[in-house]
Amino acid sequence: MFQRVEKQLLSLLKESIESSYCCTSRQPAFYDILNSLTLEVPKEKEFGDFSCNVAMRLARLLRKDPKSIALDIVSSLKKLSSEIRYDTLIKDAEVKGAGFINIFLKEKVFFDYLALINDSQEQALKLDLGRGARVLLEFVSANPTGSLSVAHARQAAVGDALANVLAAAGYDVTREYYLNDEGNQINILGSSILLRYKELGGEKIEFPEDHYQGTYITDLARELFDDKALRLKIEKLSVPDKELFFSEQGAQRILDIIKKELDDFGVRFDVWYSQKELGKSGKIESTLENLKKKGFIYEAEGAVWFKSTEFGDDKDRVVRKSDGDYTYLAPDIAYHEDKFRRGFNKLINLWGPDHHGYIPRMKAAVRALGKDSQDLSVIIVQLATLFRKGQPVPMSTRKGQYVTLREVLTEVGRDASRFFFLMRKTDSHLDFDLELAKKQTSENPVYYIQYAHARISSILAGAQDKKFDTKEPDLSLLKEPEERDLMKAIFEFSYCLFVCAKQLDPYGLTVYLQCLSGVFHRFYDRHKCLSPDDRLTQARLYLIGTVKIELAFGLKILGVSSPERM
RNA sequence: GUCCCUGUAGCUCAGUUGGAUAGAGCAACUGCCUUCUAAGCAGUGGGUCGGCCGUUCGAAUCGGCCCAGGGACACCA
């Protein structure tokens with residue numbers, strides 16, 4: 001709806017400018033400006049619902065004062081808008097400041113939107129940007145060598161919300177977790193558990209520094225040790241088989257823990273993609289063979305290299321080490337080729353900041369595979385620093401001591417933690433105040449929004465008891481400035497969703513929902529919904545019902561609940 | 001050393017492809033509940049937008065050079 005109104009206004013403006021100046025200027029520059037017209041929503045409401053700066057941009061070209069240009073445009077705009085096809089759109093237009101054209105919309109535009117939302121609920125809020133694009137969103141993808149950390153928690157919160165945003169914007173989205181279930185780290189995991197297992201058997205062991213230090217390793221070892229049947233089986237294994245067994249068992253059991261953590265966090269995945277299976281499938285070999293045929297793979301210094309410099313990387317990268325093992329890059333290229341092969345045409349990866357330097361080579365790989373580098377978007381999810389009473393919570397990755405997703409979830413709960421992880425732009429650092437997130441006061445933005453939802457629910461429940469009839473309300477009774485503010489805020493939902501989808505960042509929704517809640521709270525404070533006038537009550541219930549639908553949908557996208565009462 | 005990100009109120013941050021008087025929340029202070037949920041609302045104070053130069057009708061925003069903080073630069077994953 002927002003987009004449609006914006007488009008209509010733009011074409012109306014274009015027509016006005018053409019009719020005012022087509023004879024005086026036919027220069028290409030004139031049409032450049034005409035074709036790149038933009039509208040903005042002014043911060044101050046006295047400047048209208050939309051504003052356009054085209055008069056200033058035309059001033060030099062037309063050698064005319066921007067104010068008088070704006071006046072010319074406005075007068076022909078008014079003439080046009082009085083014609084039947086536009087007479088439901090513009091209430092007024094005026095020139096202000098250096099030459100801004102400020103447009104005020106007719107309330108009918110807002111009324112129509114309210115009706116639309118009340119008729120088709122969430123459906124009215126969704127967009128149609130996808131156009132058949134199949135999106136593969138890969139996120140978290142943490143190695144199954146330990147519990148998820150706060151860093152993973154933010155990636156999970158962002159990834160899940162982004163998937164919801166894109167789905168709401170009309171994309172076909174698949175959520176995937178790339179499971180690093182083989183390789184060095186998994187071997188070390190197996191070896192770590194095996195050592196602890198031996199220790200439990202009374203053996204004296206030396207525990208290397210590069211092994212996993214956490215107590216959960218001992219817990220896993222104990223699980224295996226305490227299972228007598230399993231222990232007998234383990235005794236019979238040869239040394240290499242034993243190593244393998246512990247690696248597999250460890251990875252499997254930790255994966256179960258991770259799945260449970262994500263589930264409790266409300267984050268779900270459609271596909272768990274195993275690197276081990278990828279290796280077995282022969283896809284790595286065929287991908288490298290394919291690239292070799294294209295001339296992007298060569299051998300040197302005993303290793304196999306990917307010619308990523310061909311596509312703008314700083315230097316070429318090893319895909320197969322001189323000892324014959326693949327580097328991480330080899331299966332990753334194959335994995336991305338497989339993503340495309342499965343029919344996805346838009347790949348989005350959420351990575352931690354430590355993978356920042358990895359982007360150019362992955363982009364290079366995508367291009368080497370014959371795709372456009374735009375087909376892969378990598379979003380760096382910056383770290384969240386935890387604070388308690390204004391002091392940063394110390395974090396040590398050594399000795400396996402790090403704050404886990406589970407701890408944050410247990411301490412502040414799902415709603416607050418998910419919301420807090422989304423409160424800043426994804427690629428910006430985030431300060432997460434545990435004490436603030438726990439507070440159930442106005443200081444906490446989550447409760448501010450949820451409270452607005454609960455208040456509306458409560459009013460609607462009260463109204464239901466009084467059995468208001470369901471006939472079409474007379475929205476023209478909504479004349480108070482706070483009511484208009486609310487309608488305008490409601491109107492901007494789809495624009496917010498549009499921006500979030502374009503920027504691949506759900507963060508904007510947290511800002512919008514706080515704003516919408518604020519406008520509602522101000523309206524609530526000044527006006528009674530349940531007024532003595534039944535027809536007004538009817539209209540106001542209709543209005544706040546729409547707010548409720550938007551709040552609930554917005555919160556659902558963010559993975560936060562919308563309580564009926566608080 | 002090279003590249004990337006960040007620098008806006010006491011704190012955490014917004015600032016819509018350059019727009020109108022730079023905003024919000026928190027913190028501080030002051031008011032508002034016999035009336036739909038005070039987890040709310042209203043008000044007050046608080047700024048050299050890191051610095052300098054440039055681009056133009058117009059710069060927090062774009063460009064250049066500095067200053068400060070963070071991160072990335074493996075035949076690890």
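**Group meeting: strands, core and domains of a predicted model**

Good morning. In strand S3, Asn102 is the bridge partner of Glu94. What we have here is a predicted model, in which local features need pLDDT of at least 70 and side-chain atom pairs count only at pLDDT 80 or more, while totals for chains, interfaces and linings use all residues. Residues are numbered from 1 along each chain as its sequence is written, and chains are lettered from A and ligands numbered from 1 in the order in which they are written.

On confidence, chain A has a mean pLDDT of 88, with 95% of its residues at 70 or more; pLDDT is the predictor's confidence in each residue, from 0 to 100. The model scores are ipTM 0.91 and pTM 0.93.

Let me return to the strands. Strands (E, at least two residues) and helices (H or I, at least four) are DSSP runs, numbered from the N terminus. Two strands pair if DSSP finds at least two bridges between them. S2 and S3, the latter covering residues 100–105, are joined in the antiparallel sense by six bridges. They belong to an open, antiparallel sheet of three strands, ordered S1-S3-S2. Strand S1 (50–52) and strand S2 (90–96) are at the edges with a single partner strand each, so one side of each has no neighbour in the sheet.

A parallel pairing is found between strand S12 (residues 384–388) and S14, over four bridges. Here Phe387 has Asp433 of S14 as its bridge partner. Strand S14 spans residues 430–433, with Leu430 and Phe432 on its covered face and Asp431 and Asp433 on the uncovered one.

I turn now to the interior. A nonpolar core is a set of buried Ala, Val, Leu, Ile, Met, Phe, Trp, Tyr and Cys residues joined through C-beta atoms within 7 Å, and buried means that 20 or more other C-beta atoms lie within 10 Å of a residue's own, with C-beta atoms placed from the backbone. The largest such core has 152 residues, and Ile101, Leu114, Val165, Leu166 and Val547 have the most contacts inside it. Helix H22 (residues 534–558) gives the most to this core, namely 13 residues.

Where does this core lie in relation to domain 1 and domain 2? Both domain 1 (2–105) and domain 2 (442–558) give residues to the core, so it lies between them. These bounds come from an automatic or database domain assignment. The C-alpha centres of the two domains are 31 Å apart. Thank you.

Methods. A residue is buried if 20 or more other C-beta atoms lie within 10 Å of its own, exposed if 12 or fewer, and partly exposed in between; C-beta atoms are placed from the backbone.
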